[in-house]
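Open the structure in your viewer and keep the selection tool ready. We will go from stop to stop, and each stop tells you what to select.

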Amino acid sequence: MVLRVDRRFRGPSDSGNGGYVCGLVAARVGAAVGGFAAEVTLRTPPPLDTAMSVVTDDPGMVRLSNGDVMVAEGARSPLTVDAVPPVDRSSARTASASYPGLLRHPFPECFVCGPDRAPDDGLRVFPGRLGDGRTACTWTVSADLAGRPEFVWAVLDCPGGWSADIEGRPMVLGRMTGRLTALPDVGEECVVMGLLLRSEGRKTWTATTAYGADGRELGRAHSTWLTVNGRRSGRNRGT
């Protein structure tokens, strides 16, 4: 079995968006909507447009490899993180207007939160900080992405990273443990929340939760982020 990450679904310009790739691996672990949680560890940036091997060692465990290079590992896992309390959609829209990535972004082509992506190409999820450790934003589900769990995993990615100073201290996703409980409908305006849990050295831990327009929980995740050494911190926008 092989898996490819299309260039459309990049995070950094040369590798796949972490949350999206975690969602693909979680599906191959057997994690389904309303089922168990999956933990996916990204060992190296997932390459784009490359045939990667998917190997199942044991039931509920998956390895994703590019030749001799281990890209990711996935397994069933408990998820104990609390849901991030939501704000209403109006407040989430207001928070998005002050999204720091509109001015400075380490990965402006990111499929999820990149401001350089057109509305019909990226999710354009813009998490604004609320001042209490949380971020908030909205996500309106397009017809081509509805019904696909990997895009809920994707939207549970970046709002966590932006709860920290990712624009000044670029980070990439290292590990994500998530569980989905529902999928949004076409055209549904969802609210996505992020929360900074703590940082220590190169690592930052965050939580995220996505909610449907009616307030139902779509899914939640706990993520570990790794500071990227030697990478430029993106570019200032509008200067």
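## Stop one: a charged pair

Select Arg129 and Glu167: they form a salt bridge, with the closest N and O atoms 2.7 Å apart. A salt bridge here is a side-chain nitrogen of Lys or Arg within 4 Å of a carboxyl oxygen of Asp or Glu. Side chains of opposite charge can pair when their charged atoms come close. Arg129 lies in strand β7 and Glu167 in the loop between α4 (158-161) and β9, so the pair ties together parts that are 38 residues apart in sequence. Helices (H or I, at least four residues) and strands (E, at least two) are DSSP runs, numbered from the N terminus.

Now colour by accessibility. Arg129 is partly exposed, with a relative accessible area of 31%. Glu167 is buried, at 12%. Buried means under 20% relative accessible area, exposed means over 50%, and partly exposed is in between (1.4 Å probe, protein chains only).

A word on what you are viewing: this is a predicted model, where local features need pLDDT of at least 70, side-chain atom pairs count only at pLDDT 80 or more, and totals for chains, interfaces and linings use all residues. Residues are numbered from 1 along each chain as its sequence is written, and side-chain values use heavy atoms, with hydrogens and water left out.

How many salt bridges does the structure hold? There are 15. Select Asp49 and Arg7 for another one, with the closest N and O atoms 3.5 Å apart. Asp49 sits in the loop between β2 and β3, and Arg7 in the loop between β1 and α1, so this pair links parts that are 42 residues apart in sequence. Asp49 is partly exposed, with a relative accessible area of 41%. Arg7 also counts as partly exposed, at 41% relative accessibility.

Next, select Arg148 and Glu150. Their side chains meet in a salt bridge (3.1 Å, N to O). Arg148 is partly exposed, at 32% relative accessible area. Glu150 counts as buried, at 12%. Then pick Arg8, Arg117, Asp121 and Asp144: salt bridges that share partners join them into one network.

## Stop three: Arg117

Arg117 is found in the loop between β6 (104-105) and β7 (128-129). Is Arg117 buried or exposed? It counts as buried, at 3% relative accessibility. Its side chain reaches the backbone oxygen of Arg8 at 2.6 Å. Show the surroundings of Arg117 and leave out residues up to four places away in sequence: it touches Arg8, Arg10, Pro108, Glu109, Cys110, Phe111, Gly122 and Arg124. Contact means heavy atoms within 4.5 Å.

## Stop four: the cysteines

One of those neighbours is Cys110. A disulfide is a covalent bond between the sulfur atoms of two cysteines. The cut-off here is a pair of cysteine sulfur atoms within 2.5 Å. The structure holds zero disulfides. For Cys110, the nearest cysteine sulfur is that of Cys158, 3.8 Å away. Cys110 is buried, with a relative accessible area of 4%. Move on to Cys190. Its nearest cysteine sulfur, that of Cys137, is 10 Å away. Cys190 is buried too, at 0%.

## Stop five: the sheet and its helices

Switch to the cartoon view. In what order do the 11 strands form the open sheet? The order is β1-β3-β4-β5-β2-β9-β12-β11-β10-β8-β7, and the pairing is antiparallel. Two strands pair if DSSP finds at least two bridges between them. The edge strands are β1 (2-3) and β7, and each pairs on one side only.

Select β8 (residues 134-140) and β10 (residues 189-200). Seven bridges join these antiparallel strands. Thr138 stands opposite Val191 in β10. Helix α2 (residues 89-96) packs on the sheet and touches β7, β8 and β10. The direction of α2 makes about 105° with that of β8. Axes are lines fitted to C-alpha atoms, for helices over the stretch in contact, and angles run from 0 to 180 degrees between N-to-C directions.

## Last stop: Leu42

Select Leu42, in strand β2. Leu42 counts as buried, at 12% relative accessibility. Beyond its neighbours within four places in sequence, Leu42 is in contact with Gly18, Val21, Cys22, Val71, Ala72, Leu173 and Gly174.

How values were computed
Polar contact = N/O pair within 3.5 Å; in protein donor to acceptor, adjacent residues only side chain to side chain.
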